[in-house]
There are 2 protein chains.
Amino acid sequence: MAGRRSDTRERIQQVALELFAEHGYEKTSLREIAERLAVTKAALYYHFKTKEDIVHSLVENLVDGLDELLAWAKEQPRSQGTTEEVLRRFSALVNDEHGPEMQFIQQNVPTLKKFGVMHPLGAKVRELFQLITAEDQDPATELRARLALVALVLGINPMFGGPGTAPPPGVALQVALELVAPRG
Amino acid sequence: MAGRRSDTRERIQQVALELFAEHGYEKTSLREIAERLAVTKAALYYHFKTKEDIVHSLVENLVDGLDELLAWAKEQPRSQGTTEEVLRRFSALVNDEHGPEMQFIQQNVPTLKKFGVMHPLGAKVRELFQLITAEDQDPATELRARLALVALVLGINPMFGGPGTAPPPGVALQVALELVAPRG
DNA sequence: GTCTATAAGACGATAGAC
DNA sequence: GTCTATCGTCTTATAGAC
């Protein structure tokens with residue numbers, strides 16, 4: 001393929017992401033990443049300038065995914081069907097395509113705040129839930145829209161969700177739709 | 001007061017909690033904690049056997065708060081009024097009395113998992129949302145009960161809530177009550 | 001693009017004096 | 001209950017050969 005930098009670079013990202021999500025960023029050493037790839041630490045520094053750089057590249061992947069979803073959503077007509085499809089795509093994004101990134105980000109907040117990536121991500125999410133919110137923007141409606149998105153990510157949360165507690169497929173989406181449905 | 005161990009011990013807990021919640025556990029050194037208290041690292045080791053021990057003592061505070069709430073809730077009659085009061089007390093617990101503990105825990109998951117405190121906490125929360133859930137335990141009802149609790153903590157979350165986005169007092173409680181109200 | 005070797009420093013934790 | 005001094009280990013990151 002065209003714009004691909006190198007295979008090793010992608011393998012570093014993948015292994016780093018796994019370890020970051022499981023053991024946390026600070027507790028994952030470059031030695032550990034290198035070992036699992038059967039290369040040396042110095043090799044990593046050829047592909048990434050610093051350890052922090054690896055994180056930025058990982059977050060970028062998720063941001064790109066959110067941007068695509070936002071771009072698509074903005075050119076659709078506002079309808080119940082569109083909202084449903086936005087929620088469905090968001091769920092696929094944060095659970096399947098970029099599940100590990102989401103887990104890593106949500107569970108390593110102090111690190112990501114220090115790296116300055118938390119605010120931009122929050123802005124993307126805010127754009128998203130404004131798209132699925134009805135016209136009236138009273139605080140309760142806004143909170144429900146936030147909760148609709150949270151419902152789709154709750155499996156990641158070890159305190160209020162957690163593994164083994166994920167609802168059957170479709171249930172989270174159903175509850176999310178209720179939350180953004182116009183009041184009656 | 002009677003069972004109090006020492007003033008320094010409590011000051012260590014307080015300062016450590018502030019730093020853990022802000023910069024994360026791994027990035028907070030004992031040197032930093034000691035400096036802010038104007039003592040030496042060695043002094044900390046008189047009051048706590050290890051750095052990890054400080055964390056356990058902090059989590060214990062939150063667990064005690066949850067246990068009190070659970071004990072109170074269990075001796076109340078099941079009614080709409082009781083549910084409302086449980087949610088109100090939970091909100092006070094996780095936002096006011098133990099807000100920093102909650103932030104620290106939710107944002108340093110890999111560390112707390114390694115320390116083995118995440119599962120017990122999840123169990124307490126599970127007890128709690130079973131108390132506020134109507135009889136029928138279908139997956140959607142269960143998910144809504146979880147979301148009711150999440151609504152009351154959302155201010156902590158930097159991605160879906162975040163500072164400055166906390167709803168006016170009462171709104172979160174209202175939405176939480178909707179979520180646990182019997183369907184009609 | 002990957003290696004060996006190493007620099008430079010921070011960290012958690014301990015020993016022992018006071 | 002707090003101190004000084006130190007130990008051993010691990011870390012990120014770099015220099016330079018191949």
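How are H4(B) and H5(B) oriented to each other: roughly parallel or roughly antiparallel?

Analyst: A word on the source first: this is a predicted model.

Start with the geometry. Two packed helices are described by the angle between their axes and by the distance between those axes. Here, helix H4 of chain B covers residues 51–74, and helix H5 of chain B covers residues 80–97. The two pack at an angle of about 170 degrees. Their axes lie 11 Å apart. Angles over 145 degrees count as roughly antiparallel. H4(B) and H5(B) are therefore roughly antiparallel to each other.

Now the residues that make this contact. H4(B) brings B:Gly65, B:Leu69 and B:Ala73. H5(B) brings B:Val86, B:Arg89, B:Phe90, B:Leu93 and B:Glu97. Sorted by class, the contact of H4(B) with H5(B) has 5 nonpolar, 1 polar and 2 charged residues.

Next, the contact between the chains. Chain A gives 35 residues to it, and chain B gives 35 residues. On the chain A side, helices H1, H6, H7, H8, H9 and H10 each supply at least two residues. H9(A) gives the most, with 9 residues. The side of chain A that touches chain B divides into 21 nonpolar, 9 polar and 5 charged residues.

One residue in helix H6 of chain A is A:Phe104. A:Phe104 has 28 C-beta neighbours inside 10 Å, so it counts as buried. Beyond its neighbours within four places in sequence, A:Phe104 is in contact with A:Leu17, A:Phe20 and A:Ala21. A:Gly65 is 39 residues away from A:Phe104 along the chain, and their C-alpha atoms are separated by 16 Å.

Then the DNA. DNA strand C is surrounded by 15 residues. The closest are A:Val39, A:Thr40, A:Ala42, A:Tyr46 and B:Ser29.

Last, chain A overall. Chain A has 10 helices and 0 strands. Its C-alpha atoms fill a box of roughly 60 × 40 × 30 Å along the principal axes. Of the 184 residues in chain A, 35% are buried. Among contacts in chain A with a separation of 6 or more, 67% join residues 24 or more positions apart.

Definitions and conventions: Residues are numbered from 1 along each chain as its sequence is written. Chains are lettered from A and ligands numbered from 1 in the order in which they are written. This is a predicted model: local features need pLDDT of at least 70, side-chain atom pairs count only at pLDDT 80 or more; totals for chains, interfaces and linings use all residues. A residue is near a molecule or strand if its C-beta atom, placed from the backbone, lies within 6 Å of it. Two residues are in contact if their C-beta atoms, placed from the backbone, lie within 7 Å. Helices (H or I, at least four residues) and strands (E, at least two) are DSSP runs, numbered from the N terminus. Ala, Val, Leu, Ile, Met, Phe, Trp, Tyr, Cys and Pro count as nonpolar, Asp, Glu, Lys and Arg as charged, and the others, Gly among them, as polar. Axes are lines fitted to C-alpha atoms, for helices over the stretch in contact, and angles run from 0 to 180 degrees between N-to-C directions. Angles under 35 degrees count as roughly parallel, over 145 as roughly antiparallel, 65 to 115 as roughly perpendicular and the rest as oblique. A residue is buried if 20 or more other C-beta atoms lie within 10 Å of its own, exposed if 12 or fewer, and partly exposed in between; C-beta atoms are placed from the backbone.
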